[in-house]
Amino acid sequence: MLRIIKERLHQQYRTLDYPNRQPALSPRFLGRPELAPVSCGACRACFQACPTGALLPTAGREDGTPTLDMGRCTFCGECRAVCPKGAFTFTGQHRMASFTREGLLVVPGQPHAEQPTPPRCALFRRSLKLRQVSAGGCNACEADSNVLTTLVYDLGRFGIDFVASPRHADGIAVTGPVSENMRLALLDTFNAVPQPRLVVAVGACAISGGLFRDSDQCNKGVTDLLPVDLFIPGCPPNPWTILDGLISLQK
Amino acid sequence: MLFDYRDTVPLAGMPPVSAEEMGDFLRRYLAEGWRLLALFGLPESQDHAALAGLCCVLAQDSSHYLAALRTVPLQSFASMTPSAPQAHLFEREIFEQWGIEPVGHPWLKSVRRIPDAAEAHARTLAEGGSLASAPQPASAPFAFFRVEGEEIHEVAVGPVHAGVIEPGHFRFQCHGENVLHLEIALGYQHRGLERMLTRGPLARCLPLLECAAGDTTVGHATAHCVLLERLAGCVVAPRAHRLRRIGLELERLANHTGDLGAIAGDTGFLPTASWNGRIRGDFLNATACLCGNRFGRGLLRFGGTACDLNADECADMLHRIRASGRDVRGAVDVMLHSQSVLERLTGTGYVSRETAQNLGMVGMAARACGLKIDARFHFPLADLPNRDCAPRVETSGDVLARTLVRSNELDDSLRLLEADLDTLAAIPPLADQAPALDAASLPPDTLAVSQVEGWRGEICHVAVTGPDSRFLAYKVIDPSFHNWTGLAMALRGNQISDFPLCNKSFNLSYCGYDL
């Protein structure tokens, strides 16, 4: 007993008072990208380097910096590495979640706009219970969701919990590209959640299929299958990105 | 064909033999203590309708030698499982992927098709949808093994579990609280990874394999890069070897820390459970200091690494790791000093040495049964000093043994990290970038193998190139592939309430198995 108390004193109090205090992330962390408008001419190096096809021609500016779709981006930084004009910057900003799919598009020269929380989320402002469904995920998104229940993040103090039964849940948090073998189980779980209910897509795979979008064994994430209320990009998203996203549902 | 584990083998040096000869070869070598690393269907060409034969790779830990053999194209062969149980899952996989039937296999069930694949197919068509060109279920769903009797009841769990974990289905045959048999049906995470590796561009293989099992990103990425380097004859700088080892050992520390916390949690010993959850994150954040990603995505490149550390960064990392190392040692020692914890772990989830050997179990779970298998020592990736580290072996085969192996390996990993960071701080960072991989530089018609001791155990990748230097076959064998059956065996004779604890003590990967 004394041994436990002594060790308890050593281990200290570790919960971060988020969002009042911001976490210190690795200087090498690749967060929200920013794109500078440049003239690309015939250069398509970034298109070829991107493993998930996250770069799209910018509407109306076909010869200029492409638009980056964070919903597909794995934040590998290859586009930044190959761009001869230095158009890509990855900031250290971890706040990236969006209520709309279009909100994940980073358009060159267009500043990031904060989105208001949709009114339908207000019901869950002080108590949000989510059933997590892993559907073909590689266990990285799952691990970084699970870690929110540890004492650094302490998800429970926001009134948010991961629960065991869909019957106890206000929505589902989906990870993975939705393998064909998990599609029915995912839909059955969603249908078991009482209405009104939310769908949160966590990670590039769940949003767009990610690296597996071309696999004949996978769907292209949950976006085409269910109405998604919150998109949390990343491969996997940093736990602070997920926490920030979940908290944004409560505002 | 015998060869050193670092060498590649031209297919011309592996003349095809008959299935009987391969069976004899396999039995003879396994009897001499060799292990079956891989057994898979090897097509004759990239043509979709090509016929396939079998190809097997074995390893002898004591001599550092590998042996490989292939057969002529087959329709069926006499199952080797009855006399060589290590082949059981490989043969099932071959039947599923190639339709080559192992005649006489005692349990010829699908490996990755889910039990309700037929239902899924029917429902999809009824809803007017189209199946993504997924292959049809090979046959009617294969029933679960059933124990008959008036007092027997069955418990079915999954695929969606009561936690934030991956999907899988568990079927228990119980007599009261006692588990007579557990059958584990996986496949829900199947993403078609191996097919994407052989059909897609070579440059996409690394990011895909980093996602083979997210918690073993560095392990699988290392296995892939080493395999390509062996094929291309590329020499990796010692500094890059050290950076890779830092990534691997950080991965081991993070996962062992998390697992020890989870074992504490399922024992009801909450202090260690909550501390380790946090300390695991500290090790993941140290990995993020190395490459920006907590799981080590983007750390490795063909020929080296994508990141380096200067002297200041080494010192900072060393400082972090010493602090986290002290924290985890303290947290785990508190647990291991608690009589009630030891009482709960002792004798639970026992796997005998003989069972572990017969099933071909690997890694931490095999070492807990007394098998001295550790690819870091038997098949080292580079001749870096090992700093008094050794395969950590326990003999009791229970949850306690798996806990102690992990606990001892924490110290080893910390020592290796200290040594590597000290060395890296003393010499200047690499000036030149790793060489780019040219797909054409891979030799045609060649087999290569890589083995990496990930935190769960030995990760094995086997690649065979065709006449055009593209992959004819790329096999990914996660340690979970061998060890899931070990978990099923561990449950026999235990109570169903022991399952969570046993499961945590193995902590196997679903997606690493399902691919």
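The model is predicted: local features need pLDDT of at least 70, side-chain atom pairs count only at pLDDT 80 or more, and totals for chains, interfaces and linings use all residues. Residues are numbered from 1 along each chain as its sequence is written, while chains are lettered from A and ligands numbered from 1 in the order in which they are written.

**Domains of chain B**

- Chain B is assigned domain 1 (2-103) and domain 2 (193-514), the bounds coming from an automatic or database domain assignment.
- The C-alpha centres of domain 1 of chain B and domain 2 of chain B are 26 Å apart.
- Their contact takes 26 residues from domain 1 of chain B and 25 residues from domain 2 of chain B; two residues are in contact if their C-beta atoms, placed from the backbone, lie within 7 Å.
- On the side of domain 1 of chain B that touches domain 2 of chain B, at least two residues each come from strand S2 (9-10), strand S3 (35-43), strand S4 (52-60) and strand S5 (65-70) of chain B. Helices (H or I, at least four residues) and strands (E, at least two) are DSSP runs, numbered from the N terminus.
- S3(B) gives the most to that side of domain 1 of chain B, with 7 residues.
- By class, that side of domain 1 of chain B has 18 nonpolar, 5 polar and 3 charged residues. Ala, Val, Leu, Ile, Met, Phe, Trp, Tyr, Cys and Pro count as nonpolar, Asp, Glu, Lys and Arg as charged, and the others, Gly among them, as polar.

**Domains of chain A**

- Chain A is divided into domain 1 (33-106) and domain 2 (119-248), with C-alpha centres 25 Å apart.
- Here 16 residues of domain 1 of chain A are in contact with 20 residues of domain 2 of chain A.
- The side of domain 1 of chain A that touches domain 2 of chain A has 8 nonpolar, 5 polar and 3 charged residues.

**Interface between the chains**

- In the interface, 48 residues of chain B are in contact with 50 residues of chain A.
- Helix H3 (117-126), helix H5 (205-210), helix H8 (270-291) and helix H9 (311-336) of chain B each supply at least two residues of the side of chain B that touches chain A.
- H8(B) has the largest share of this side of chain B, 10 residues.
- This side of chain B divides by class into 25 nonpolar, 15 polar and 8 charged residues.

**Helix pair H15(B) and H16(B)**

- The axes of helix H15 (residues 479-491) and helix H16 (residues 499-506) of chain B come within 10 Å and cross at roughly 150 degrees. Axes are lines fitted to C-alpha atoms, for helices over the stretch in contact, and angles run from 0 to 180 degrees between N-to-C directions.
- H15(B) and H16(B) are therefore roughly antiparallel, the term for angles over 145 degrees.
- B:Asn483, B:Gly486, B:Leu487, B:Ala490 and B:Leu491 in H15(B) meet B:Phe499, B:Cys502, B:Asn503 and B:Phe506 in H16(B).
- The residues of this contact divide into 6 nonpolar, 3 polar and no charged.

**Two residues of chain B**

- B:His378 lies in helix H13 (residues 375-378) of chain B and counts as buried because it has 20 C-beta neighbours inside 10 Å. A residue is buried if 20 or more other C-beta atoms lie within 10 Å of its own, exposed if 12 or fewer, and partly exposed in between.
- Not counting residues up to four places away in sequence, B:His378 touches B:Asp61 and B:His64.
- The C-alpha atoms of B:His378 and B:Ser62 are separated by 6.9 Å, although these residues are 316 residues apart along the chain.
- B:Glu93, found in helix H2 (residues 88-98) of chain B, is partly exposed, with 19 other C-beta atoms within 10 Å.

Key
Parallel < 35°, antiparallel > 145°, perpendicular 65-115°, else oblique.
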